Amino acid sequence: MLVPLIIACEVGFWVLLAGGLALRYLARMPRLGAAVLLCEPLLELVLLVATTLDLKNGGEPSWRHGLAAVYIGYTVGYGHYTVKWLDGHAAYRFAGGPKPPGAGYGKERAVHEWKLWLRTLAGGAVAAALLQGAVWYAGGAADTSALQDCQFAVLRAVGIHAIVAAAYTIWPRKAPAPAGAAESGLVKGER
């Protein structure tokens, strides 16, 4: 029951996102579009309630419950960011808004990666807390090893993302050469 619900929540997220942006920019109904976008957290609330009820009704704690917690954590960490990012691109594409800035290069890119890592950390903390709550809720009689395994997986994901962010700090990406520089002989100090 939980896996189809998680899939339905993910599909629902994208349907609400597309519908909200279409209402805002294509139908020129920004208030209604914003209202649709604000409905997205309800999906996570439904998933949280369903997961809790499943455990309450004697469901054996498993990776499914862990996946639900990780999904909710990811949505907390990245949901608003995703909506804002896509909203900026939709405004640019359909409403003549300014072009959204990219992640950049060098120090700017490293700062961007560390900000993304903070989102991963926040999402991981939410997922780990939900998983710990599920461990306590299931009680001592239930086998909660699958939930604890999910906690360690979340910790590994946060650690791996920290390594990626550190790599952008240690080895910053350089901006590509300007479009006409190679033809004019201005690459790497040539005159």
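**View A. A nonpolar surface patch built by Leu42, Leu45, Leu48, Val49 and Leu53.** Together these side chains give about 420 Å² of patch. To join a patch like this, nonpolar side chains (Val, Leu, Ile, Met, Phe, Trp, Tyr) sit within 5 Å, and each residue has over 30% relative accessible area and no salt bridge; like charges would be joined within 9 Å. Areas come from the Shrake-Rupley method with a 1.4 Å probe, and for residues only the protein chains shown count as cover. Val49 belongs to helix 3 (residues 40–56), helices being DSSP runs of H or I with at least four residues, numbered from the N terminus. Val49 is partly exposed at 43% relative accessibility, on a scale where buried is under 20%, exposed is over 50% and partly exposed is in between (1.4 Å probe, protein chains only).

This is a predicted model, where local features need pLDDT of at least 70 and side-chain atom pairs count only at pLDDT 80 or more, while totals for chains, interfaces and linings use all residues. Residues are numbered from 1 along each chain as its sequence is written, and side-chain values use heavy atoms, with hydrogens and water left out.

**View B. Asp87 and Arg24 in a salt bridge.** Their closest N and O atoms are 3.7 Å apart; the term asks for a side-chain nitrogen of Lys or Arg within 4 Å of a carboxyl oxygen of Asp or Glu. This pair ties together distant parts of the chain, 63 residues apart: Asp87 is in helix 4 (residues 63–95) and Arg24 in helix 1 (residues 2–26). Asp87 is buried, with 15% relative accessible area, whereas Arg24 is partly exposed at 25%.

**View C. Arg109 and Glu113 in a salt bridge.** Here the N to O distance is 2.9 Å. The two residues are four apart in helix 5 (residues 106–138), so about one helical turn separates them. A search of the whole structure turns up two salt bridges.

**View D. Gln151 and what it touches.** Look in helix 6 (residues 145–170) for Gln151, which counts as buried at 17% relative accessibility. Leaving aside residues up to four places away in sequence, Gln151 touches Ala128, Leu131 and Gln132, a contact being heavy atoms within 4.5 Å.
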